[in-house]
Structures are given as structure tokens and as C-alpha cells.
Amino acid sequence: METVVTTAAVIMLAFYGTYTLVAHGIALGFGKRWLHSRQQKDTTAAGDLPGVSIIKPIVGCDKNLKANLETFFQLSYPKCELLVCIAEPDNSPAMSVVRGLLGQYPTITAKVFVGGEVVGVNPKINNIMPAYRQAQYDLIWICDSGIAALPNTLQELVSHMTSPEVALVHQPPYVGTHVNSFPALLDKVYFGTQHLRVYLVANYFGQNCANGMSWLIRRTALEGVGGLASFSDYLAEDFTIGKALWTRRWKLAMSTMPALQNGGERTLTSYQARMVRWGRLRATMMPWPGLLEPFTECLVLGLLASVATSHLFGVGVAWFMVVHVGVWLCSDLLLLTIIEGGVVGPLWKVLGAWTLREVWTFLLFLEGVWSREVVWRGTRYRLQMGGKAVKLD
């Protein structure tokens, strides 16, 4: 029995050392070298830029909708069309916002689509299908309504499309600089630490890890794997589209500029709902990696490694955890500074958000694997193994 325990402890420490060095080392090194590296560069002459169709799906009307959408009317890209897709009827508050911006920017080539087209259970795909069918250009930028763009964002995305082997360019999701509540700071810390670390490592090794909040896609490539409508039975259409393209040997490129989320009011309840929903999606699409997630988190991994170290070397569990958590925290703060492009503060609030996320994450994992039912924008779905969904409401 002693031999078995010792062997398990050695394996645990080997995994701990390998994972922490590889994950944190690559995330910090690759993140520092890549993120924001092209933001100030004009990589292509204006006359050589290809046309781009921008599709903006809108559901509801939060307080930041106008500010976010207006950034797309202010893009400096010289050859694009803006296709706004509104799920609600013509008299919705969102339509009023869109009409106001159309009047404010009459020179922008824009078109509004209302009501969508039902082709499956995915409400986002249903909403944007008419715009997708009528898009003028092969390059299509699909970007959620809660994202704010910088004037040169589209130039940066297109700069990765110079190779015909690239089918998709995606932006790592983050939270904008204006954070006015603790739940918003919690989102920022999550997307700037744990989520970003996994995102950077996966993309460093060329794996399929492309979040669909904001991505530029080559329509000819998408049509080659079945077209947009063929993914409408999946709620995580970003993962399944990325996987289909990646399997066909298309290249997926990561932007150097993060997608700046700037949604409406955030709450701890909305954070919990998103983490549980994403956890259930991962558990049905990638069961084994999903089940191993807790072993890549700070507290679970640290506790297991501390017990192993105590057994092998007699080091106190408490002392090991203090050092482990301290080093992990410093690495996360540095990674957060890299994607922010500066220090995120005040520090005591950041520490509070970081601590809450680390303590809460295992409970959210357990809640996530407990059921296959998810709620997305007020509608209930049941997930099937493989990722397809059935609408319940």
C-alpha cells in the first residue's frame, strides 16, 4: 500500500510541476509577445484591403448597446458593410437605437434585418441567417452586441487573413477598461487570468480554441464544411465551427487585440449562470477534458500537490499552500496586466475578485456537471452528448 501511495504522489508532483511550468510559462511568454503586438501597425495598404461584411446580432437592449454599436459605425476600415440583425420586432427599443445611429452616420453602408430565420435551435444563428445569406463579401466579421471595437480593430483582424490557409481569426475575450461594479471586475479577472491562460496555451499549440464573441471568418471555408446553418443544432457553434475547420486543416489565427466586452448590468447571478452553462457545454462536447478541469485550478491542484509533497518530503501542507497560492496569484496578476496593457486596480478589489473566483470555481464545476439543462437568454435547452441541443421551451 505504501508503494502505491508513493507512486501516486510522485505522479501527482510530476503533473503539478509540468502543468504549472508549461501553462503559466507559455501563457506569460506568449501573451507578452503576442497580445497588442500589431495594434499600432498598419500591415496592409488601404487600397489592398479586401471588403468585409460585419454582422451584428442584437437581442434585447441594454444600457451600453448604443455605445457599443456606435464603435462599429466609427471603424476606420475603408471597405465594409454593416449588417445589423435584430431578433425583436420593428418597434423594439433596440430598433430605436439602430435607427438613431443610421441617421447619425448616413454615409455608412448599413442594412437592418429583423426577426431572423429559424434554421435550428441556436438563436444566434437563427438571428443572423438572413444577413449571412445576403452578405456582399467573402470575409464576414460576426461580433456580439456586447462588444466594443477600436477604430483599427478590423484592420488588425484582416491582417491575419493574408494567407489563403487561414479560415478564421478570433479575438480572445476580455472585459473593457471601464469596470463599475464588483461582478464586472470578477468577469475581468476571470477572462484575464484562468480563461486567458487556457486560451493562450491552446492557441500556442495550434489547437481549436476560438471563442465566437468576435471572429472574422472566410465564408468559402465555412461553406466548405457545411455552411452556417449546418451548425444551428449546437449552442456552442463557435467550438463546432472551429473544430470542423481545424479538422479540415484550415488554420485558425488568434488576433493580437482582445474582444472588449462591455455589456449591461453584470451580477454575481449572471456570472454563475454563464460559468454553469459553459461548464455543461464543455462536459457534453469534451467529456474527459471537462471532467479534468478541477485539476488545473489553483486550489484543487495545490492541495493535491501539497499532500504529495508532505508524503514524499515531509513538507507541511499549509506552508506548501501558502507558497503555491502566492506564486500562482503573482502569475495571474502579471497575466492580467499583460492583456490589460497596464495595472488593474484597486489591488484589494482585484484580490477579492480573484479569491472569490478561485474558491467558487469548484462549486460551479459541480453544479455544471450535475445536469445537462441550460438556460440561454430565457430559453431552456437540454444538451446531448456531442454538443447538440434540444429546445425545451
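Predicted model: local features only at pLDDT ≥ 70, side-chain atom pairs only at ≥ 80, totals over all residues.
An open sheet of 7 strands runs in the order 3-2-1-4-8-6-9, and its pairing is mixed. Strand 3 (110-114) and strand 9 (251-254) form the edges, each pairing on one side only. On average, and with direction ignored, neighbouring strands of this sheet are turned by 20° against each other. Strand 1 (residues 52-58) and strand 4 (residues 139-143) run parallel and are joined by 4 bridges. Within this pairing, Ile54 has Trp141 in strand 4 as its bridge partner. Helix 4 (residues 123-134) packs on the sheet, where it touches strand 1, strand 2 (80-86), strand 3 and strand 4. The direction of helix 4 makes about 155° with that of strand 1.

Strand 7 pairs with strand 10 (residues 259-261) in the parallel sense, over 3 bridges. Pro173 has Ala259 of strand 10 as its bridge partner.

**Helix 6 against helix 13**

Helix 6 (residues 182-192) packs with helix 13 (residues 317-340) at an angle of about 100°, and their axes are 9 Å apart. The two helices, helix 6 and helix 13, are therefore roughly perpendicular to each other. On the side of helix 6 the contact is made by Lys188, Val189 and Gly192, and on the side of helix 13 by Leu335, Leu336, Ile339 and Glu340. Sorted by class, this contact of helix 6 with helix 13 has 4 nonpolar, 1 polar and 2 charged residues.

**Aromatic pairs**

A pair of aromatic rings is described by the distance of the centres and the angle of the planes. The whole structure holds 12 aromatic pairs; two of them are tabulated here.

| Ring pair | Distance of centres | Angle of planes | Arrangement |
|---|---|---|---|
| Tyr190 and Tyr271 | 6.2 Å | 85° | edge-to-face |
| Phe191 and Trp278 | 5.9 Å | 80° | edge-to-face |

Planes over 60 degrees apart count as edge-to-face, and with planes at 85° the pair of Tyr190 and Tyr271 is therefore edge-to-face. This pair links distant parts of the chain, with Tyr190 in helix 6 and Tyr271 in helix 10 (residues 268-285), 81 residues apart. Tyr190 counts as buried at 4% relative accessibility, and Tyr271 counts as buried at 3%.

The rings of Phe191 and Trp278 have their planes at 80°, so this pair is edge-to-face. Phe191 lies in helix 6 and Trp278 in helix 10, so the pair ties together parts that are 87 residues apart in sequence. Phe191 and Trp278 are buried. Ring pairs also bring in Trp360, linking Tyr190, Phe191, Tyr271, Trp278 and Trp360 into a cluster.

**Thr162 in its loop**

Thr162 is placed in the loop between helix 5 (153-159) and strand 6 (166-170). The relative accessible area of Thr162 is 63%; because exposed means over 50%, Thr162 counts as exposed. Along the chain Thr162 and Pro50 are 112 residues apart, while their C-alpha atoms are separated by 9.8 Å.

Definitions and conventions: Residues numbered from 1 in each chain as written. Heavy atoms only, no water. Pairing = 2+ DSSP bridges. Axes fitted to C-alpha atoms, helices over the stretch in contact; angles between N-to-C directions. Parallel < 35°, antiparallel > 145°, perpendicular 65-115°, else oblique. Contact = heavy atoms within 4.5 Å. Nonpolar A, V, L, I, M, F, W, Y, C, P; charged D, E, K, R; others polar. Buried < 20%, exposed > 50% of the residue type's maximum accessible area, 1.4 Å probe, protein only. Phe/Tyr/Trp six-rings, centres within 6.5 Å; stacked < 30°, edge-to-face > 60°.
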